[in-house]
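User: I've just opened this one and could use a quick tour. Can you walk me through it?

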Amino acid sequence: MSLSPAPRRVSRRRTLGALLAALALGCAVPASAVSAAPFGPTPPHNPYAGPDGTATMHGDTGSSDTTPLAGPGAGTLTSSRTALASACPTVLVGADGYPVALCTPIFGQVPTVHLLDPDDGASLASLKLTKGSLLGGVYAYIDHQDRLVVADGSRSLLRVGHHRDGDGDWSLRIDRSLSLASAVPEGDAVTGLSPDWEGRVWFATGGGVVGTADDTTGTVKALSLPAGERVANSISTAPEGTAVTTTHATYLLTAEGGTPTIRWRKEYDRGSARKPGLLSWGSGSTPTFFGPAEGTEYVAVVDNADTAANLKVYRTADGSDVCSVPVLRAANGPGSENSPVGAGRSVFVAGTYGYPYPAVPEGAGTSVPSSADFAGGLTRVDVRADGSGCSLVWDNALRSAAVPKLSTADGMLHTVVRDPLIPGTEGTSLLDPYRYVQIDPAGGQITRSTKVGVGSLYDTLQMAGTIAPDGAYLQGTVTGVLRIAAQ
């Protein structure tokens, strides 16, 4: 049973689909989108998720961190901030064009959903959820009916809809709720969730429970991963299955009658301890589906080896190794908390080693060393055309302070960088300046930038940005949401 008649499966040939999606959302299609995209294909559209590029923190349910939408175009770049006194890691946009942000207030830390004005970013309505773990108010997605799907601290799966009354006033309300308490033990919490191609919602908990939930039938089924394995990031779904990376290994799971079943498991080098700038002892990756034909032939994560961070690429079909490549060497920062960006045969890895997070999740463990300068770093690796291995394309020391997003429409990587207060130094301070930048993925050079602010109010805290249908770049910060646009 599904929420509605099953939508038609979208073709995996994405160029025409991306153009049609852009037109349906009412945004202008730039000339660059008409020509062959420089990267792709991207993962196929999930019929139970919102528009590709804006439905999840990582763009799509495959967590490719790509978007078919072009970012701020020609003209003077401007930046404005919606102050919400909250860290806002998740800013998503449904087919109706209205951004929805999932934020955690500085005071009280009760996850709160905000509906934002697409024109200026102002909060039109808000709804508080039940408080849970630190990561319990981070990952969510927009479904095919423009509802935010999230698990709250009551161990319930919620679909939050936004509604307008006859006077034109907006409100947010829980349209549907399903308890996951039968699968999620008390004291545990859902970390990541994503829909599959049957309409079920897959979820993973910090304690290592992976499950499926059907909130039309009330059916919840789960599997416990080996003891001691924790899930500290989100999960990804593709037609082949669901990818979950724990603090020890990466899994591909399928659902036999709705029950999660392990298809393959691949251990990685988790190192001897958590590193500064990572939020868990293990990989900081939400696993990324990517590939040159269907957009899902490979799965990529970054390990936590002591002396270097290695990009690990596996074949989705059987988990066999494609390559293991040391990354982030130019920055000398052996760690990444971010999901890799993947499109076609290319993967981009941004480093977070030494990033000064104000808090880490309970049970994350002590970092070794206890602190370090923020190294940054950005690396591109390509899988060889014959799939026999991978090649390092470029590696630099750019200090991205957010998860980069690759636009297949304008051919640029979009992110925010954190510059040192004193040029040429490597430390961080509460007075660091932040810049929105566009990066040429061919060589890794910044081609365009604008300052968005100075000081901790503008800290983007390695959160993911989202390009809206009108080309504005929406970026969560520790205190609200930035909106960067071109005039």
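User: What is the strand order in the open sheet of four strands that includes β19?
Analyst: The order is β19-β20-β21-β22, with antiparallel pairing. Strands here are DSSP runs of E with at least two residues, numbered from the N terminus. Two strands pair if DSSP finds at least two bridges between them. Keep in mind that this is a predicted model: local features need pLDDT of at least 70, side-chain atom pairs count only at pLDDT 80 or more, and totals for chains, interfaces and linings use all residues. Residues are numbered from 1 along each chain as its sequence is written, and side-chain values use heavy atoms, with hydrogens and water left out.

User: Which strands are at the edges?
Analyst: β19 (288–290) and β22 are the edge strands. Each of them pairs on one side only.

User: How many degrees does the twist average?
Analyst: From one strand to the next, the twist averages 25 degrees. Axes are lines fitted to C-alpha atoms, and angles run from 0 to 180 degrees between N-to-C directions.

User: How many bridges hold β19 and β20?
Analyst: Three bridges, in the antiparallel sense. Phe-289 stands opposite Val-299 in β20.

User: Where does Asp-306 lie?
Analyst: Asp-306 is in the loop between β20 (298–302) and β21 (309–315). At 43% relative accessibility, Asp-306 counts as partly exposed. The scale is this: buried is under 20% relative accessible area, exposed is over 50%, and partly exposed is in between, with a 1.4 Å probe and protein chains only.

User: And how many Å apart are Asp-306 and Val-403 in space?
Analyst: They are 23 Å apart, C-alpha to C-alpha. In sequence, 97 residues separate Asp-306 and Val-403.

User: Switching topic. How many disulfides does the structure hold?
Analyst: Two. A disulfide here is a pair of cysteine sulfur atoms within 2.5 Å. With the bonded cysteines numbered in sequence order, the pairing is 1-2, 3-4.

User: Which residue does Cys-88 join?
Analyst: Cys-88 is joined to Cys-103, with S to S at 2.2 Å. Cys-88 lies in strand β3 and Cys-103 in strand β4, so the pair ties together parts that are 15 residues apart in sequence.

User: Is that link right-handed or left-handed?
Analyst: The link of Cys-88 and Cys-103 is right-handed, with 110 degrees about the S-S bond.

User: Are Cys-88 and Cys-103 buried or exposed?
Analyst: Cys-88 is buried, at 0% relative accessibility. Cys-103 is buried too, with a relative accessible area of 0%.

User: What about Cys-323: which residue does a disulfide join it to?
Analyst: Cys-323 is joined to Cys-390, with S to S at 2.0 Å. This pair links distant parts of the chain: Cys-323 in strand β22 (residues 321–327) and Cys-390 in strand β26 (residues 390–396), 67 residues apart. The link of Cys-323 and Cys-390 is left-handed, with -75 degrees about the S-S bond. Both Cys-323 and Cys-390 are buried.

User: Back to β3 and β4. What is the strand order of their sheet?
Analyst: That open sheet of four strands runs β3-β4-β5-β6, with antiparallel pairing. β3 (86–93) and β6 (123–128) stand at the edges with a single partner strand each, so one side of each is left without a neighbour in the sheet. Neighbouring strands of this sheet are turned by 25 degrees against each other on average, direction ignored.

User: How many bridges join β4 to β5?
Analyst: Four bridges join β4 (residues 99–105) to β5 (residues 112–116), which run antiparallel. Val-100 stands opposite Leu-115 in β5.

User: Now the surface. Which residues make the nonpolar patch?
Analyst: Leu-421, Ile-422, Leu-430, Leu-431 and Val-454 make a patch of about 510 Å². Patch residues have over 30% relative accessible area and no salt bridge, and nonpolar side chains (Val, Leu, Ile, Met, Phe, Trp, Tyr) are joined within 5 Å. A salt bridge is a side-chain nitrogen of Lys or Arg within 4 Å of a carboxyl oxygen of Asp or Glu. Areas come from the Shrake-Rupley method with a 1.4 Å probe.

User: Where does Ile-422 lie?
Analyst: Ile-422 lies in the loop between β29 (413–418) and β30 (433–439). At 54% relative accessibility, Ile-422 counts as exposed.

User: How is β30 joined to β31, and by how many bridges?
Analyst: Seven bridges join β30 to strand β31 (residues 446–454), and the two run antiparallel. Pro-433 stands opposite Val-454 in β31. β30 and β31 form a hairpin with six residues between them, and Gly-444 in the turn has a positive phi of about 85 degrees.

Methods:
Patch = residues over 30% accessible without salt bridge, like charges linked within 9 Å, V, L, I, M, F, W, Y side chains within 5 Å.
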